[in-house]
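Subject: Structure handover

Hi there,

Here is the structure I promised to pass on to you. Have a look first, and then read on for my notes on a pocket and a pair of helices.

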Amino acid sequence: PERRIYAGYQGRWQQTTCEKGVTVIRHWIYIRPQPGLVTRILLELSTIFSCTWAAVYQPKADLVLTVSPPLSGSLVAAFLKSLWDCPIVLNIQDLLPDAAIAVGLIKNPLLIKIFRWMERFAYVQADSIAVISSGFTQNLLAKGVVRPKITEIANWVDTNFFQPLPQENGFRQEHGLTGKFIGLYSGNIGLTQGLENLLHTAHDLHHDPRFHFVIIGPDQGLAPLKRIAERLKITNVTLLPFQPRAQLPEVLAAADYTLVLQRAHVVDINMPSKIPVLLAAGRPLVAAVNPNGSAAQVLRQSGGGILLPPDDPQALTQALQDLAQDPVAQARFGERARAYALQTFSRSQALSAYEKLFQEVLMTKPRLQEVDG
């Protein structure tokens, strides 16, 4: 997530470890801290080359599971499928190239055609496609993928690790947040989030000493937010780098509510992976997202928070003022969020669904007809 090679894995073409009885082979990729079109293309190309190199020296697989992004993984999977005569399960976490086109990352018509071809190739080659939300299903159906080929399996969360904990804790004390009404955003800071809107809300609430906002994310994303905060002269925002995983339950527990923000054009192309975690923490979820998107659908189903229009700092300001004055609603939202996470995003449920899918794919031949035309 920080777009860098971590300590212990640097300077190596390939590294093999045994983790909990599973052989894990890590291969080299090209990655740079600052994302851009050229670096993303080089990342895709390096994945194709090094992943293929690493895979062909392994024993024949019974099944290939490939995850998108990156789309290039499907090219490798198709090669291995022909080499080993085995089926492919494609797991889609973000819809590409839709997301890249929507935020303006890809504008060149030729590049769009190339990525559209890669997308179609991925759907055709896959024997089954696992998606993480119903919004993804509708997107694929509109592109000609047949319904029997698609299985919806939500991303899971460890509900034992992420659970409601005492609010006044060490994280609040460490950062001088005791007694504050805390809104927490933790995650990626990029083109689809629009976190500058949150800073404008913080500016609107700057006169009220109760309100404070904590934004946790990668350093390269925090830098422009810091400049905006300095320009607006606001002091009720704390910007922090990603926290250690072991501390995350305490970080989430310190919040009075958590935040999910998306741009208005983000509809069914993105389902924030943080949502199951935030719901499991048992805090109200305030989501400023497109009402037709996957995130909005989950929030409606869970009843675990407040749905707001995207890119509207004034609406967010008013909603937070209302929430701060209603502790009964806060408790109700948190209880509903936790209950929905237990029911929908449990790890055992998701793993059982994947196991069932793999068994069905291995037993089904010939492959389903995939895309019309």
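Which element gives the largest share of the lining of the second largest pocket? That is α11, with four residues. Please bear in mind throughout that this is a predicted model.

The second largest pocket holds about 290 Å³ of space. It is lined by 20 residues, and those closest to its centre are Ile-132, Ser-133, Glu-152, Ala-154 and Thr-344. Sorted by class, the lining has 10 nonpolar residues, nine polar ones and one charged one.

Now for the helix pair. Two packed helices are described by the angle between their axes and the distance between the axes. Helix α2 (residues 72–84) packs against helix α4 (residues 109–125) at an angle of about 40°, and their axes are 9 Å apart. Angles from 65 to 115 degrees count as roughly perpendicular and those under 35 as roughly parallel, so α2 and α4 are oblique to each other. Their crossing is left-handed.

Which residues meet where α2 and α4 are in contact? On the α2 side they are Ser-72, Ser-74, Leu-75, Ala-78 and Lys-81. On the α4 side they are Trp-117, Met-118, Phe-121, Ala-122 and Gln-125. By class, this contact of α2 with α4 has six nonpolar, three polar and one charged residues.

Terms used
Residues numbered from 1 in each chain as written. Predicted model: local features only at pLDDT ≥ 70, side-chain atom pairs only at ≥ 80, totals over all residues. Heavy atoms only, no water. 1 Å grid on protein atoms, 1.4 Å probe; cavity = no way out; pocket = protein on both sides within 12 Å on 5 of 7 lines; lining within 4 Å. Points joined across faces, edges and corners; volume = space filled by probe spheres on them. Helix = DSSP H or I, 4+ residues; strand = E, 2+ residues; numbered from the N terminus. Nonpolar A, V, L, I, M, F, W, Y, C, P; charged D, E, K, R; others polar. Axes fitted to C-alpha atoms, helices over the stretch in contact; angles between N-to-C directions. Parallel < 35°, antiparallel > 145°, perpendicular 65-115°, else oblique. Left-handed = near helix turned anticlockwise from the far one by under 90°. Contact = heavy atoms within 4.5 Å.
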